[in-house]
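Thanks for making the time this morning.

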Amino acid sequence: MGVDYVARRIGVAQMIFADTIILSDLHLGSEVSRASDAVRMLKSASFNRLILLGDIFSDLNFRRLKKEHWQFLGYIRKLSNPKREIEVVWVEGNHDHGLSDVMSHLVGIRVYEEYIWEYCGVKHLAIHGHQFDRFVSRNRVLSTFLATIHLGLQKFAFGKKRMIGFLERFDTAWLRLSSKVAAGAVAHGKSKCAARVFCGHTHEARTLQRDGVEYYNTGSWTQDSATYVAIDHEGVRVLAYCDPPEDSIDPNMKEELELDFENLLAD
């Protein structure tokens, strides 16, 4: 199985135009969630469809959500307003399990186990990917415990390259994910007659082609390199978010985030 992954680095100063934006593994409620950066990316993009590809939450404990996490949810609800004519889709991840009813009420969007759509004559499939990870499916409690440890370690890892290297190896070791999830996703895509399959779950952005199916992993928003996928008429791009200079952030953006946060809490 060949792998070809090169994420283009892009900052918020550059406008992104796409039909579909896909991001996953934000883990709202964890100390390492880059919720504010995710909002900046979305505000810098023009798109017709947004797919939140699972593990948007870290767990079911809403008391861990910080202000910037609520601001992200507020902005998602704003995007889902029918007047904006943007399709917002939430695909459930293993950490989101049990939140379907809450999400439908809180941000006004439907939650799916998997989502299929067609664009430019090509059938696309979005599924979080934990379904193809036997360790997670058979050991839900232990998997959640290890995920908590992993995110906790990441809290102390930002800016510490040696620790980052350890965590990257730990990602692969504790979940045994990447190749198994990719293989399972490709097989599932073939069964659904989908030419392109998108997953999250592994926190490792990658692309590959096998048996006529293109596989893309969106990466995560809990590490130094936050990545996402953009789809347009030219194809699929895996993009890496770059932090903008602090003085380049539009004051209006900050004000809008405050309003999103207040409106969400008001409900």
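Predicted model: local features only at pLDDT ≥ 70, side-chain atom pairs only at ≥ 80, totals over all residues.

**Cavities and a mixed sheet**

Let me take the second largest cavity, which contains about 30 Å³ of space. Which residues line this second largest cavity? The lining is made up of Phe-57, Trp-90, Glu-92, Asp-96, Leu-99, Ser-100, Met-103 and Val-111, and when these are sorted by class, the lining of the second largest cavity comes out as 5 nonpolar, 1 polar and 2 charged residues.

Now to the sheet. Here 5 strands form an open sheet with mixed pairing, and their order is S8-S9-S10-S12-S11. At the edges sit strand S8, residues 114–119, and strand S11, residues 206–210, each of which pairs on one side only. On average, and with direction ignored, neighbouring strands of this sheet are turned by 20° against each other.

In general, the strands of a sheet pair through backbone hydrogen bonds, in either a parallel or an antiparallel sense. For S11 and strand S12, the latter covering residues 213–217, the pairing is antiparallel and runs over 5 bridges; as one example, Arg-206 has Asn-217 in S12 as its bridge partner.

Finally, what packs on this sheet? Helix H7, residues 178–191, does so, touching S8, strand S9 (122–127), strand S10 (196–199), S11 and S12, and the direction of helix H7 makes about 50° with that of S11.

Conventions:
Residues numbered from 1 in each chain as written. Heavy atoms only, no water. 1 Å grid on protein atoms, 1.4 Å probe; cavity = no way out; pocket = protein on both sides within 12 Å on 5 of 7 lines; lining within 4 Å. Points joined across faces, edges and corners; volume = space filled by probe spheres on them. Nonpolar A, V, L, I, M, F, W, Y, C, P; charged D, E, K, R; others polar. Pairing = 2+ DSSP bridges. Helix = DSSP H or I, 4+ residues; strand = E, 2+ residues; numbered from the N terminus. Axes fitted to C-alpha atoms, helices over the stretch in contact; angles between N-to-C directions. Contact = heavy atoms within 4.5 Å.
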